[in-house]
Amino acid sequence: MEKEIIKRIIAEKHTQLAGAKLIKRKTGLEQKANYAFVGLRRAGKSYTMYQLVQELIENGEASMENILFINFEDERITNMKAEELGLLLDAHSEMFDAKPVIFLDEIQNIEGWEKFARRLADSTYRVFVTGSNAKMLGKDIYTTLGGRYIARNIYPFSFREYLTFHDVILNKNWEYGEQRTQVIRLFNDYFYCGGFAESFGLQDKRGWLNSLYQKILLGDIIARNEIRNENAIRILAKKIAESVMTPSSLVRLKHIIDSTGTTIARNTLVEYLQMLSDAFLIFGISNYSDKLSDKETFKKRYYFDNGLLNNFLFDPETKLLENLVAITLKKRYGDNLFYYNRNIEVDFFIPEHLRAVQASYSIADDDTRQREVRALLKLSEVYSLDLPEIVTFNEETTIRENGKAIAVVPIWKWLLKEE
């Protein structure tokens, strides 16, 4: 690896960073700490690091000469080896007489990067790294990094961030004035197309999303894991999308794949599900009332972005609504999010906060209304829920039964309350 190539990359990135126009996202980072940003491809990990560079310069904590920013998806360094990573520091020191703040983008492309990252931290550099694969934060890497980095998940834009992108800053009483109509209009696009900022200005969002999905599946999952049974994992990803809202056991998923003529072993199925999760394409939640063994094998599974999920669906509204609620609660509660199914069915249950949420596109039908309300009331008898909710597409009211109040909230309003 030639240092001259690295120098050109450093200089080019400085020009790019200086001219980047960004919508600021909340980061809430600890000052002077090192971070590992992980998440779905194109979700905004690089964007977050661009923002951090600009904030360091705006706050006077650094100048551009202090910035060493390398994207390891640059084709000029795709063959770089871990033992050559020290050339980054050499190249920067020959260009600038300044200790750098180091940004290593998509670092998982370099096999053995962990030791270099630890050495940087040990040498008191401030370092930020990103990766599109959860394996880079597995137990073995935590051991290697020795607690020197804080892990932070980066998600696609929230609805509030989407509004900010479109220069919509909500007034105090926005829901009673003209902004309400504007919010609902913008939400429709966000609901179907998701939160990838790069797609916001495009006419052919669906084409862009399909291209991104193929990149995640073919590059981040199939190629990286050297999967031979490509058809099986394609079918699995498709069936998970079609089964959003429905709990699925490993046995059921295996049967579905086998029924297409593509056989798969149970252990391979478990591995494929883990790969889809490691790439931040999907996540699963367990039934709170299940025994421990069933919690691992029987789950409801969701996509991390509505736009990617919508690639697979016809008449998608009901599934997209529940998926968006799931994403929002997952971001807030992490592994403390469950569903509940024991004699009653509740879509989302957060036991630590005594919170339950039903996702129902509409409760105008009396049978649907009674089913959703009855489940929340029964769960309230067991857990004394604090203001149970039903999230709908566009209906709003408060239902009072048996001395309990149930809030019915349209999703576009609910999202802004949650974020």
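Author: The crossing of helix 9 with helix 11 is right-handed. The model in which this is read is a predicted one.

Reader: At what angle do the axes of helix 9 and helix 11 cross, and within what distance do they come?

Author: The axes of helix 9 (residues 230-242) and helix 11 (residues 266-278) cross at roughly 65 degrees and come within 11 Å. Helix 9 is therefore roughly perpendicular to helix 11, since angles of 65 to 115 degrees count as roughly perpendicular.

Reader: Which residues of helix 9 and helix 11 meet?

Author: Helix 9 contributes Ala-232, Ile-233, Leu-236, Ala-237 and Ile-240, and these meet Leu-269, Tyr-272, Leu-273 and Leu-276 of helix 11. Divided by class, this contact of helix 9 with helix 11 holds nine nonpolar residues, no polar residues and no charged residues.

Reader: How is the crossing of helix 10 and helix 11 to be read, in angle and in distance?

Author: The axes of helix 10 (residues 250-259) and helix 11 cross at roughly 100 degrees and come within 10 Å. This makes helix 10 roughly perpendicular to helix 11. On the side of helix 10 the contact is made by Leu-250, Leu-253, Lys-254 and Ile-257, and on the side of helix 11 by Arg-266, Leu-269, Val-270 and Leu-273. The contact of helix 10 with helix 11 comprises six nonpolar, no polar and two charged residues. Leu-269 and Leu-273 of helix 11 take part in the contact with helix 9 and also in the contact with helix 10.

Reader: At what angle do the axes of helix 14 and helix 16 cross?

Author: Helix 14 (residues 317-333) and helix 16 (residues 411-418) have axes that cross at roughly 5 degrees and come within 11 Å. The two helices are therefore roughly parallel to each other, because angles under 35 degrees count as such. Leu-321, Leu-324, Val-325, Thr-328, Leu-329 and Arg-332 of helix 14 meet Ile-411, Trp-414, Leu-415 and Glu-418 of helix 16. By class, seven residues in the contact of helix 14 with helix 16 are nonpolar, one is polar and two are charged.

Reader: Turning to sheets, how do strands pair?

Author: Strands of a sheet pair through backbone hydrogen bonds, and the pairing may be parallel or antiparallel. In this structure, three strands form an open sheet in the order 6-8-7, with antiparallel pairing. Strand 6 (248-249) and strand 7 (282-286) each have a single partner strand and stand at the edges, so one side of each lacks a neighbour in the sheet. Strand 6 pairs with strand 8 (residues 298-303) over two bridges, and Ser-249 stands opposite Phe-298 of strand 8.

Reader: In which sense does strand 1 run with strand 4, and in which sense does it pair with strand 5?

Author: Strand 1 and strand 4 (residues 127-131) run parallel and are joined by four bridges. The pairing of strand 1 with strand 5 (residues 150-153) is parallel as well, over four bridges. Tyr-35 stands opposite Phe-128 in strand 4, whereas the bridge partner of Phe-37 in strand 5 is Arg-152.

Reader: Which way do Tyr-35, Ala-36, Phe-37 and Val-38 point from strand 1, and are they buried or exposed?

Author: Tyr-35 and Phe-37 point one way, Ala-36 and Val-38 point the other way, and all are buried.

Reader: Is Asp-220 buried or exposed?

Author: Asp-220, in helix 8 (residues 205-223), counts as buried because its relative accessibility is 3%, and buried means under 20%. Leaving aside neighbours within four places in sequence, Asp-220 is in contact with Arg-41, Ser-132, Asn-133, Lys-215 and Asn-225.

Reader: Where is Asn-188 placed?

Author: Asn-188 is in helix 7 (residues 178-193) and is partly exposed, with a relative accessible area of 38%. The C-alpha atoms of Asn-188 and Leu-253 are separated by 32 Å, and the two residues are 65 residues apart along the chain.

Methods: Residues numbered from 1 in each chain as written. Predicted model: local features only at pLDDT ≥ 70, side-chain atom pairs only at ≥ 80, totals over all residues. Heavy atoms only, no water. Pairing = 2+ DSSP bridges. Axes fitted to C-alpha atoms, helices over the stretch in contact; angles between N-to-C directions. Parallel < 35°, antiparallel > 145°, perpendicular 65-115°, else oblique. Left-handed = near helix turned anticlockwise from the far one by under 90°. Contact = heavy atoms within 4.5 Å. Nonpolar A, V, L, I, M, F, W, Y, C, P; charged D, E, K, R; others polar. Buried < 20%, exposed > 50% of the residue type's maximum accessible area, 1.4 Å probe, protein only.
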